[in-house]
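Please keep the sequence and the coordinates at hand while reading.

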Amino acid sequence: MSAANSKVPTPNPFYRCAGPNCGVLKGTSDHWWLMWASSEKFGVPVLYLCPWDEEIAVKEGTLHVCGELCAQRLQSMFLGNILENSQKRRGK
Ligand SMILES: [Zn+2]
């Protein structure tokens with residue numbers, strides 16, 4: 001038995017919001033969202049957005065999102081990246 005009796009029910013692992021300038025830590029009762037981008041299925045980058053799911057949350061590449069605002073910011077980053085990439089490809 002350790003002297004430090006710190007039996008704090010912390011959510012494990014810790015999830016931090018991926019939103020730009022956010023970084024909020026997930027609590028136990030928050031309603032969070034999950035987002036990820038993948039071009040695996042259709043050959044073009046697709047942005048996925050779904051309600052929190054523990055199984056998906058631990059997958060590599062999944063973004064943890066604290067709320068609608070951060071989801072919108074990440075979506076706009078995703079769109080921006082696509083435009084940037086297509087401009088680069090066209091470039092010269
Ligand atoms: Zn956030």
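Two residues are in contact if their C-beta atoms, placed from the backbone, lie within 7 Å. The model is predicted, with local features requiring pLDDT of at least 70 and side-chain atom pairs counting only at pLDDT 80 or more, while totals for chains, interfaces and linings use all residues. Residues are numbered from 1 along each chain as its sequence is written.

Leaving aside neighbours within four places in sequence, F78 is in contact with A37 and L47. The C-alpha atoms of F78 and L47 are 7.6 Å apart, although 31 residues separate the two along the chain. F78 belongs to helix α2; helices (H or I, at least four residues) and strands (E, at least two) are DSSP runs, numbered from the N terminus. F78 is classed as partly exposed because it has 18 C-beta neighbours inside 10 Å; a residue is buried with 20 or more other C-beta atoms within 10 Å of its own, exposed with 12 or fewer, and partly exposed in between, C-beta atoms being placed from the backbone.

The buried residues of α2 are C70, A71 and L74, and their cover includes β1, β2 and β3.

The largest nonpolar core comprises ten residues: C17, A18, L34, M35, L63, V65, C66, C70, A71 and L74. Such a core is a set of buried Ala, Val, Leu, Ile, Met, Phe, Trp, Tyr and Cys residues joined through C-beta atoms within 7 Å. At least two of its residues come from each of β1 (33–38), β3 (63–65) and α2 (68–90), and α2 gives the largest share, three residues.
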